[in-house]
Amino acid sequence: MTKQTHPTPMLDELEKGPWPSFISGIKRLRDQHPDGRVSGVANDLLGQLEHSYETRKGYWKGGTVSVFGYGSGIIPRFSEVGSAFPASKEFHTLRVQPPAGNYYTTDSLRQLAESWEKWGSGLVTFHGQTGNIMFIGASTENTQHFFDDINEYGWDLGGAGPCVRTGQSCVGSARCEQSNIDEMRVHRTLLNNFTDDVHRPSLPYKFKFKVSGCPNDCMNSIERSDFAIIGTWRDDMKVEQKEVKEYVAKKGRQYIVDNVIARCPTKALSLAEDDTLEVDNRNCVRCMHCLNVMPKALSPGDDKGATLLLGGKRTLKIGDLMGTVIVPFIKLETPEDYERLVEIAENTIDFWAENGLEHERCGEMIERIGLVNFLEGIGLDVDPNMITDPRTSSYVRTDDWEDEAARWFEHKQSRQAATA
Amino acid sequence: MAKQHDRDPIESGCPDGLQYMHPVMRRNYGNWAYHEDPRPGVLKHVAHGGDAIWTVRAGTQRILDVFTLRKLCDIGDRYADGYVRFTIRSNIEYMVGDESKVMPLISALEDAGFVVGGTKNSVTMISHTQGWLHCDIPGTDASGVVKAMMDELIGEFKNWNMPNRVHITTSCCQINCGGQGDIAINVQHTKPPKINHDLVSNVCERPSVVARCPVAAIRPAIVNGKPSLEVDEKKCICCGACYPPCPPMQINDPEHTKLAIWVGGNHSNARGKPTFQKLVAAGIPNNPPRWPEATAVVKKILQTYKEDAKDWERINDWIERIGWPRFFELTELPFTKYHIDNWLGARRSLNASTHIRF
């Protein structure tokens, strides 16, 4: 089949250079794909993209497209220049939830590819910034067909709009020695508890869960999620002194002092005369640096669990916010532990759904009403691990100080009883 | 009229990763002892029981056509064990249970044009957004900027030359879907939106557009006899937040939409607490198809970091040690009044001490 292709002099510049080129990939679909529909879509997509490069403007508009039964999961795109590029004038993305941890067999990828070239553009990304598989480019009609196909063999849509979004979890227990929790189980327990809230947007704005197995936070959960679950441990870190000595012998004392001892943020490390490591575990904040430098010598302890942080988000509207601690430590082993985790998440989402303003992220609501009101709303007690410093301004009413102090001692006692 | 469908969705949610996981990983789930880095792009993880798994990481074009996806699968079947995963920076990882498979796998990936690397203290793949290819509000392209930049940073992807790992991100509008990065290349608008008053009342829900503005610069108005919106251009910070809910308030401009570069964002808790990225350069032309001016600034920052930072210092750690005056001196970037924050809480970013490096 011969047909006219749009000239793409600017995009052609992106075929030069050693890094793999997405333009070459779209051209392969245009020039080599046996299905005329797929090659036609690729041709017009390149035409529109070239037009964007020439005019330095985007030409996609949103709209309303969904699959039967859902209100979420599709990013609708209609071209503003569709008359010039008709084959790609409807170019919607389907957001599909990946397996927790982003594992695939080549067979599973081939099966998805087959369905996608049958109904869509043949372009896909693993994964978008929220964590979805992004199937980029389907017509309104084919969006439903593609979803029906893949939904039959085990895939479901993720979130888009004001809803619970697709989650992310790190490789964790599957391959990493620093893991402190069962990341996949946490991820799937939370996400699949809120399936209805993923598929039917009815919240003030988006709500994201991200799970990292240790404080290295490879999932960027503190800054990029509303609800961060980060693995940690309470007892002493494990030290293999033999491995420490070998490390010192290999790298030299000065290297260890400069790069391990001196980089400890709470000065909790000391290198003894005999080249063993002394750790002040009471003052270790589990930052992970020394474990990262000497993974063979140092490991997390045995009393593992997670820290929960709430309210991370990017700029819109009041500026960037990090998530902050709402639960310093929670065990995540028994079914009851997981029930408690789900309960905290449910209480959070319910309170925010009730009290958040339209388009207000959970962290912004907390900024507006104050952490204490939020904690009272979801039934959590205050804890000094939630702050960097106590307040510095004296402009505060402290009428019920004695009641609150009594409450603190009461909780302290019950915590001690629970751990005894 | 809506089309008829008789098929209800199966709300299966997030699939179980175990079914797609390499058997060595499944067998040693939660039981790993340590890892080593045999060479750039390769990880070796050892389990307590003695099992080992090798991971080979490769960079791709991220926007994958089905031909490329199948090529990656073919390599996985022929040279690896048929199991892959993707990192959150869209690198593909092949896992093999046998060390002898590592080198042939690397050769197969490189012969097919993929780039092995992105581990440890390298510059890994730039995490990016959709841009002109698919977004409804982009000020620039994402895949194109990244392709042009990775062409020049490929040597840093393939090697361990950096003091610590470097995560770069790009974003095509100021919402910044690319997120925090050691270096972030983000769109920065410099002029208020141009309003098509004929369309506003039909397209936009005016009260929610007014509510969306971070500085209360938008108010309802009657323009040419029609209900519309107007912008107090003295208050406007040109953020573009009004554009998504109200496309007739066009913020993108071929000339005035610029790029800005931010540094020092770090998600990890290692050493210090996580940090936000800070503005270091703005007014960089949005110059397709290869954005050479932006790449030049990024390369200069990387070069300076490489030469001046100590082992294990991320870019934020390095700047904390040397101070901002020296950062601007070494990178030869201008320091301007725009670097001084005036947003909520800005006083906390000022130097309330006599701590000055001379």
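Tutor: A polar contact is a pair of N or O atoms within 3.5 Å, where, within protein, one atom must be able to donate a hydrogen and the other to accept it, and where residues adjacent in sequence count only if both atoms are side-chain atoms. This is a predicted model, in which local features need pLDDT of at least 70 and side-chain atom pairs count only at pLDDT 80 or more, while totals for chains, interfaces and linings use all residues. Residues are numbered from 1 along each chain as its sequence is written, chains are lettered from A and ligands numbered from 1 in the order in which they are written, and side-chain values use heavy atoms, with hydrogens and water left out.

Student: What makes the pairing of the side chains of Asn91(B) and Thr124(B) a polar contact?

Tutor: The side chains of Asn91(B) and Thr124(B) are joined at 3.1 Å, and the limit is 3.5 Å, so the pair is called a polar contact. Asn91(B) itself lies in the loop between E5 and strand E6 (92-96) of chain B.

Student: Why is Asn91(B) called buried?

Tutor: Buried means under 20% relative accessible area, with exposed over 50% and partly exposed in between, using a 1.4 Å probe and protein chains only. Asn91(B) has a relative accessible area of 1%, and therefore counts as buried. Beyond its neighbours within four places in sequence, Asn91(B) is in contact (heavy atoms within 4.5 Å) with residues including Arg57(B), Phe86(B) and Phe157(B).

Student: What makes the meeting of Glu152(A) and Arg7(B) a salt bridge?

Tutor: A salt bridge is a side-chain nitrogen of Lys or Arg within 4 Å of a carboxyl oxygen of Asp or Glu. The side chains of Glu152(A) and Arg7(B) meet at 2.8 Å, N to O, so the term applies. Between chain A and chain B the count is 12 salt bridges.

Student: How do you know that strand E5 of chain A and strand E5 of chain B pair?

Tutor: Strands (E, at least two residues) are DSSP runs numbered from the N terminus, as are helices (H or I, at least four), and two strands pair if DSSP finds at least two bridges between them. Strand E5 (residues 103-105) of chain A and strand E5 (residues 83-86) of chain B have 3 bridges in the antiparallel sense, so they pair. Within this pairing, Tyr103(A) stands opposite Arg85(B).
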